[in-house]
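Q: Could we go through this structure together? I would like to start with a ring and a charge.

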Amino acid sequence: MEKKTGNRKVLHAADIHLDSPLRKLQTYEDAPVDQIRGASRRALENLVQLAIHQSVDLVVIAGDLYDGDWRDQNTGLFFVAQAAKLTQAGIPIVVIRGNHDAANLMTSSLPLPKNPDGSEIMMAADKVDARVFESLSIAVHGRSFRKRAETKDLSKQYPKPFSGVFNLGLLHTSLTGAEGHDNYSPCKPQELTDKEYDYWALGHVHLRGEHGIDGGPPIVFSGNIQGRHIRESGEKGCVIVEIDSRDRCTPNFHALDVVRWDVCQIDARTIDHPDDVMDQFEQWVTRQITSAEGRLIVSRVAVSGPTAVHNALHQRRHRIEASLRAIAVAHGGGQVWLEKLRLKTSTPTHAFAFGDLDGPLASVAQVVNDFRMAEDRVETVKQELASLLSKLPIELHGYGEGFSSDSMGQTDELVASAAAELLGRLQESESTSE
């Protein structure tokens, strides 16, 4: 094959999580389940189309191609079909396994197409592997995870760069650690820089970001290609690395997602009436539709901070959420779906103000205020949460983590929110029984 001179392009992607189950979708009312569940496949199709359209020279995937062992062969067959489109277009692929599709997790396998030069797509798990594409003057160094919990720094085993070619390191790693991600194959940017490679293509952390050191090569997390829940909000995709004739490179992001999760953040200090929440959401929807370019928008409305209408917000919570869903339908044109409304507000003085109450409501308000002033309220709340968690399925126990005995503010916020909603429901009950 004739050697390519001048500029080259490498598409760097990671964390595709093909056919990720998205188990909680069915719990949401009127959720577009099929559209969201098929999003990982459509995003992978977008990746293949982008690579062909951009005349990319090489595709690298930095781990977690799959979300785990397949439920059936269709998941593997789908990737085989997409990989074949690339190789038939003359574009080679290199893939490493990550913690979700580590070698010992995958009991199923299918023959993968060979690259145009006859090399294998999947890199080895028992050693640091290498793919040298002489026609591109590019060498890819990488190692698949052998087991899910790979806690050793695999980068230490990567060899010195090959001379006369562009050296790309392919690694699934938490780097120095990232919130929400297990600490797998940890290493430091300086240690990667010292390897003297030209580019590091990283996977595992789903938030896109560059971690290179001044004077060193780009060290890049491309992020996942499709968000799977509200914590993976914003645009998702891949990075195309443009390499010039002197092996200098520039990474550029390209969106691939077909479903975009996003949060409408509302500062409660800007709210004078509960209806203001609907007004701000309507304006936000209009802006998001323009920027989403036809994608489905899965939205959450999060209202936080102090506000004089704290009690009213919690008391009318279900009515407000219903109105927000109506706005999503009326103004979204089928492009917007509301996941939920989340209220994390407080009164301006962080004191309870329930207005003029009498009878049982006044008694409830007094109990809440007494609890608010109790010195042992943090410990009491911890004990109550522990009791509640003991009655939940084991997979839900993580929701109680992070509550410390020093979090007085967290306790008061929790009590304020619960008190406002409790009194709101009691007031609604009284009004309907009259």
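A: The charged end of Arg208 lies over the ring of Phe253, 3.6 Å from the ring centre. A charge sits over a ring if NZ of Lys or CZ of Arg is within 6 Å of the ring centre and within 35 degrees of the ring normal.

Q: What kind of model is it?

A: This is a predicted model, in which local features need pLDDT of at least 70 and side-chain atom pairs count only at pLDDT 80 or more, while totals for chains, interfaces and linings use all residues. Residues are numbered from 1 along each chain as its sequence is written, and side-chain values use heavy atoms, with hydrogens and water left out.

Q: How many aromatic pairs does the whole structure have?

A: A search finds 6 aromatic pairs. Rings of Phe, Tyr and Trp (its six-membered ring) pair if their centres lie within 6.5 Å; planes under 30 degrees apart count as stacked, over 60 as edge-to-face and the rest as tilted. One of the pairs is Tyr66 with Trp70, which is edge-to-face because the centres are 5.3 Å apart and the planes stand at 70°.

Q: Are Tyr66 and Trp70 buried or exposed?

A: Both Tyr66 and Trp70 are buried. Buried means under 20% relative accessible area, exposed over 50%, and partly exposed in between (1.4 Å probe, protein chains only). Ring pairs also link Tyr66, Trp70 and Phe79 into a cluster.

Q: What about Phe145 and Tyr184?

A: Phe145 and Tyr184 form an edge-to-face aromatic pair, with 6.5 Å from centre to centre and 75° between the planes. The pair links distant parts of the chain, 39 residues apart: Phe145 is in the loop between strand S5 (138-142) and strand S6 (166-172), and Tyr184 is in the loop between S6 and helix H4 (189-193). Helices (H or I, at least four residues) and strands (E, at least two) are DSSP runs, numbered from the N terminus.

Q: Why does Phe145 count as buried?

A: Phe145 counts as buried because its relative accessibility is 0%. Tyr184 counts as buried at 9%.

Q: Changing topic, where is His204?

A: His204 is in the loop between strand S7 (199-203) and strand S8 (209-210). His204 is buried, with a relative accessible area of 4%. Its side chain makes a polar contact of 3.4 Å with the side chain of His172. A polar contact is a pair of N or O atoms within 3.5 Å; within protein, one must be able to donate a hydrogen and the other to accept it, and residues adjacent in sequence count only if both atoms are side-chain atoms.

Q: And is Thr107 buried or exposed?

A: Thr107 counts as exposed, at 66% relative accessibility. The residue is in the loop between strand S3 (93-96) and strand S4 (129-133). A polar contact of 2.3 Å joins the side chains of Thr107 and Asp69.

Q: Which residues line the largest cavity?

A: Among them are Ile16, Ser20, Arg37 and Gln226. Helix H1 (33-37) and H2 are the elements that give two or more residues to this lining.

Conventions:
1 Å grid on protein atoms, 1.4 Å probe; cavity = no way out; pocket = protein on both sides within 12 Å on 5 of 7 lines; lining within 4 Å.
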